[in-house]
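Welcome to a short tour of this structure. Take a moment to look over the sequence and the 3D view, and then read on.

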Amino acid sequence: MTYIEARGLRKTYGGNVALHGIDLHIDEGRIVGLIGPNGAGKTTALNAIVGLTSYEGSLRVLGRDPWNERDELVRDVCFITDVAVLPRWIRVSQALDFVAGIHPKFDRMKAEAFLSKTTIRTRARVRELSKGMVTQLHLALVMAIDARVLVLDEPTLGLDILYRKQFYDTLLSDFLERPRTVVVATHQVEEVQHVLTDVLFLDRGRIVFNRTMEDVEARYTEVQVHPDKLAAARALCPIAERQGIGHSVLIFEGRERQQLAAIGDLRTPSIADLFVAVINDGTAQGARS
Amino acid sequence: MNTLYWSVRRELWENRSIYLAPLIVGGVVLFGFFIGLAKLPARVQAATSENMHQVIESPYVIGAMMLMATQLVVSIFYCLDALYGERRDRSLLFWKSMPVSDLTTVLAKALIPMLVLPLLTWAITVATQTVMLSLSGAVLAANGLDASLVSSHLSLSGIVWYNAGHLVAFHGLWYSPLYAWLLLVSAWATRVPFLWAVLPPAALIVVERIAFNSRVVALLLQDLFMGGAEPSGGVPGMTMEGMSPPADFLLRPGLWVGLALTAALLAGAIRLRHSREVI
């Protein structure tokens, strides 16, 4: 079932085009990583999906128009699109009361279980919490909502490594328990890589890469090449090359593994390296054309 | 209904001045009255039959007016911040992630000055005046005077009904276009909502005065603000009875025009809540 469908999704701010009419198709049960440099349009795309911003073109989320049906939509779509948006005056207990009072799919016990793993006191006001604690509280509230779509924009910004790890583990175990669709935008690519089913690169308002992780693994190969085989490796047209210690690391697209095995050790490239390769490649092509 | 209830509660959590301010003013009124109690027997004995009613009632009238002025001031500041503050501190992004419609949110915010604050002020005014009433009865009795003197001029039911009438009619209904206008400005302004709320009407008055030498806008605004105090010429002549709405209150076209204006302004505020983004 299609959960998110966009056709020609476009957004401009004054004269700046944030999204150049992107097409998007995300099904039920996918965990999509939205990766892109600053200003690529990630937040704009996510804000459009959750009904926070108007747009041109067509966009349906769970069959609804997010901009005009936000309040119905957010029963099934929960999101964190920015850090530190919890009102500073609210007490932790009040936030729990409020969400429990108005959200039919909020599991208060679950939220309290999340909070019990932190040092957040329920009597505390948000303004008394550290940045990381505010994010923890927000995540506890959002992760306790049994939503069909979860949209996260830099959800772990400001959190320590332990909690970030714990968060993604929870995200994954929740997901395995009850499939939903997750769209997550982040710069911490390494951390999300192992939970993603799909990866989407956004650059200057355009989707420049859109593949499933299986596809990525089948299609892209990273090879550690010893200097004496470098010339032969370069002849196979790598899409990226960088210097390692005592060897070069080359990324190839669509080459037979047997062919590449002759020139060095094979690995699947990390999303971060692939991203750099694709974005630079795109820039190079743009420069050539 | 449930979302409206929680939305109103959330406003009370955020704006504790809604109940703290009238409570404090009620306390101040009682404190002043308590000090004045010492002179009450002397004042009552000195009063003539003509001015007896006024001598007895005046602290009640002043107390009620203090509380009602507080209600108005709290309402004005509340409304100016209601839809502006959440955009400025970006908490709008959190509220919008919750399944509460813009309609419900704006209605909840409008209910605070139009219903919640008048009811609270009424309860606090009645409580304050009831304490005053029993204290003065006790003081009079202790001085060998007729303890029922006060209650013969101002009964408990009078306190309940005069205050209720004034608050519902004037502070709830009559002032509602003012609150709705402030909410609209609050939903629209990206800076200094107070100036945006005050300057356009002021400019209209000035332009009208200079261009046409007429005062239609000024009189309309004066009517809005002074509608509540119209029957009297200020505090000295004001009585508790005079605070309650005149018999023809519901028949005044100004009331219904005002309510229609309120609906239109609130509809505008709801649209702006939908489309405005964080500042």
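Leaving aside its neighbours within four places in sequence, Leu137(A) is in contact with Leu86(A), Val92(A), Ala95(A), Ile120(A) and Leu129(A). Here, contact means that the C-beta atoms of two residues, placed from the backbone, lie within 7 Å.

Before going further, please note that this is a predicted model, in which local features need pLDDT of at least 70 and side-chain atom pairs count only at pLDDT 80 or more, while totals for chains, interfaces and linings use all residues. Residues are numbered from 1 along each chain as its sequence is written, and chains are lettered from A and ligands numbered from 1 in the order in which they are written.

## The nonpolar cores

Leu137(A) also belongs to the largest nonpolar core, which has 96 residues; Val77(A), Leu137(A) and Val151(A) touch the most other members. A nonpolar core is a set of buried Ala, Val, Leu, Ile, Met, Phe, Trp, Tyr and Cys residues joined through C-beta atoms within 7 Å. A residue is called buried if 20 or more other C-beta atoms lie within 10 Å of its own, exposed if 12 or fewer, and partly exposed in between.

Helix α5 (residues 131–143) of chain A gives the largest share of this core, eight residues. Helices (H or I, at least four residues) and strands (E, at least two) are DSSP runs, numbered from the N terminus. Domain 1 (2–204) and domain 2 (215–288) of chain A both give residues to this core, so it lies between them. Apart from it lies another core, of 55 residues, and among them are Met68(B), Ala82(B), Met132(B) and Ala180(B).

## Two domains in chain A

The bounds of domain 1 (2–204) and domain 2 (215–288) of chain A come from an automatic or database domain assignment. Taken over C-alpha atoms, the centres of domain 1 and domain 2 of chain A are 33 Å apart. Nine residues from domain 1 of chain A and eight residues from domain 2 of chain A make up the contact.

On the side of domain 1 of chain A that touches domain 2 of chain A, β3 (31–35), α7 (189–193) and β8 (198–203) of chain A each supply at least two residues.

## An open sheet

Which strands form the open sheet of chain A, and in what order? Six strands take part, in the order β5-β6-β7-β3-β8-β9, with mixed pairing. Two strands pair if DSSP finds at least two bridges between them. At the edges are β5 (77–80) and β9 (206–212) of chain A, each pairing on one side only.

β8(A) and β9(A) are antiparallel and share six bridges. Leu200(A) stands opposite Asn210(A) in β9(A).

## Strand β10 and its partners

Is strand β10 (residues 220–225) of chain A mostly covered or uncovered? This strand is mostly covered, with five of its six residues buried. β10(A) runs antiparallel to strand β12 (residues 248–253) of chain A, joined by six bridges, and Tyr220(A) has Glu253(A) as its bridge partner in β12(A).

β10(A) also pairs with strand β13 (residues 264–267) of chain A, in the antiparallel sense over four bridges. Val223(A) stands opposite Leu266(A) in β13(A).

## Where the chains meet

The contact between the chains takes 19 residues from chain B and 23 residues from chain A. On the side of chain B that touches chain A, α1 (2–14) and α6 (92–95) of chain B each supply at least two residues. The largest share of that side, six residues, comes from α1(B).
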